[in-house]
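Keep the 3D view open and click along as we go.

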Amino acid sequence: MKRTVSDEMFEAARRVIPGGVNSPVRACRSVGCDPLFIKRGLGAVLTDVDDNEYIDFVCSWGPMILGHAHPSVIAAIQAAAVDGTSFGAPTPTEVDLASLVVEAVPSIEKVRFVNSGTEATMSAVRLARGYTGRNIVVKFDGCYHGHADSFLVKAGSGLLTLGIPGSPGVPEDIVKNTLSIPYNNLEILEDTLRQKAAEIACVIVEPVAGNMGCVPPAPGFLEGIRRLTKELNILLIFDEVITGFRVAYGGAQERFGITPDLTCLGKIIGGGLPVGAYGGKAEIMDCVAPDGPVYQAGTLSGNPLAMAAGIAMLKELQRPGVYTELERKSARFEEMLNGISRATGVPTQLNRVGSVMTVFFTPDPVSDFESAMRSDTERYGQHYRQMLSTGIYLAPSQFEAAFVSMAHSEKDLDTAAKMTEWSFKKLLE
Ligand code: PLP
């Protein structure tokens, strides 16, 4: 597979962009290769600048649930662009998208649009702090909530471990208010919340973790968080930037029947354009400026192109059978991959919720950050490179999810499974 143009472009990019990329994982360092430069996406297929084609399981890290360049989404963006790209004033489309989100997501009575998932979580936490008058945020090890200072806390080592900044440039004074505790462990959560209740503004959680690879909530985990936060008067924030409109139309809260106080969205609701959103009970959302004192703003927030793309996307997702189809295809893919693991003797753990999945290279179940870290990342790297050489585009890290989209055909999934079998056999050579 020729990669001359990608390699040249990466060299040029490194001269003018730190690491040659605009988001670190794209540099592909953990899988031991350089990035491909993509010139086109259509349906399930990406084409790189050397004209190689790949079946894409990254899907722009989640947003492209309909596949790339879906005709309805593209038509909506084109129609909106003709009328101007930004006004910094209210537009009808933002009301339309807000109404669709309010109808869809059980916890959301009012919603504010921002420009990324990071802005959504950052703003939701500011709101939780403003509303409760408390400072501490409880998060879970291995959950990623974007790159705002409060969330960049090294995976905590246990009960009440106060945050240590996970990056230079993040003041200790900020992350001392972030507690990180193990995912899927209600006992530690209960101890933490009971000990510090008077200081805790909120618990923020990915209802299905997607950023240590896919880790589903253990039975009772989300119910337990809801019960405890309600009892102790602490706000519960679901970070549904990945799961929103992905694991069900109404997100993980619909799928699992748990209603948080606030919800963060991103990815799918922008149809591939830069969008985030946070919303929740009207009583809490009314504390946001200008109705309330908690400040949050954005020059490009509610951007007309992004709103149009989001509306087109959600309307497509409302079509009957979309989520049944995603579930059916993904379950069949899971079955094929598990069969290959058994037949070849390469030990893996496949975690899946709907069309989000991760194949971990470990023989043991993966239920939290610690167990995810037991995966053989060298082996994943080799598998990644082998798959790429056959035209299958996976996430360039063991600790990311793969996404199945409406655009993946049965043939695409059969091809990916066949290549997986070939790659697994090669891993044992
Ligand atoms: N929250 C979750 C669960 C995410 O997966 C991400 C990004 O992957 C974010 C927040 C941050 O979103 P963004 O990259 O749009 O800032």
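The shell around the ligand divides into 3 nonpolar, 6 polar and 3 charged residues. Here Ala, Val, Leu, Ile, Met, Phe, Trp, Tyr, Cys and Pro count as nonpolar, Asp, Glu, Lys and Arg as charged, and the others, Gly among them, as polar. Before going on, note that this is a predicted model, in which local features need pLDDT of at least 70 and side-chain atom pairs count only at pLDDT 80 or more, while totals for chains, interfaces and linings use all residues. Residues are numbered from 1 along each chain as its sequence is written, and side-chain values use heavy atoms, with hydrogens and water left out.

Who sits around the ligand? The shell runs through Ser-116, Gly-117, Thr-118, Tyr-144, His-145, Gly-146, Glu-206, Asn-211, Asp-239, Val-241, Ile-242 and Lys-267; to be counted as near, a residue needs a heavy atom within 4 Å of the molecule. Three of these side chains are worth a click for their polar contacts, meaning pairs of N or O atoms within 3.5 Å (within protein, one must be able to donate a hydrogen and the other to accept it, and residues adjacent in sequence count only if both atoms are side-chain atoms). Thr-118 puts a polar side-chain atom 2.6 Å from an oxygen atom of the ligand. Asp-239 has a polar side-chain atom 2.6 Å from a ligand nitrogen atom. For Lys-267, a side-chain N or O atom is 2.9 Å from an oxygen atom of the ligand. On its own the ligand has 390 Å² of accessible area, and the protein covers 81% of that; the areas come from the Shrake-Rupley method with a 1.4 Å probe, and for residues only the protein chains shown count as cover.

Now for the charged pairs. Side chains of opposite charge can pair when their charged atoms come close. The structure holds 20 salt bridges, each one a side-chain nitrogen of Lys or Arg within 4 Å of a carboxyl oxygen of Asp or Glu. Start with Arg-226 and Asp-261, whose side chains meet at 3.0 Å, N to O. Arg-226 lies in helix α7 (residues 221–231) and Asp-261 in the loop between α8 (251–256) and β9 (262–265), so this pair ties together parts that are 35 residues apart in sequence. Helices (H or I, at least four residues) and strands (E, at least two) are DSSP runs, numbered from the N terminus. Both Arg-226 and Asp-261 are buried, where buried means under 20% relative accessible area, exposed over 50%, and partly exposed in between (1.4 Å probe, protein chains only).

Asp-261 also forms a salt bridge with Lys-281, with the closest N and O atoms 2.8 Å apart. This pair too links distant parts of the chain, 20 residues apart, with Lys-281 in the loop between β10 (276–280) and α9 (282–285). Elsewhere, salt bridges that share partners join Glu-325, Arg-328, Arg-332, Glu-410 and Asp-414 into one network. Asp-173 and Lys-176 make another salt bridge, at 3.7 Å, N to O. Asp-173 is exposed at 57%, and Lys-176 is partly exposed at 45%.

On to the nonpolar side. In soluble globular proteins, nonpolar side chains tend to be buried together.

Finally, a few backbone details. The peptide bond from Ala-289 to Pro-290 is cis, with omega near 10°, and Pro-290 is found in the loop between α9 and α10. Asn-184 has a positive phi of about 65° although it is not a glycine; this residue lies in the loop between β6 and α6 (186–196) and is buried, at 17%.
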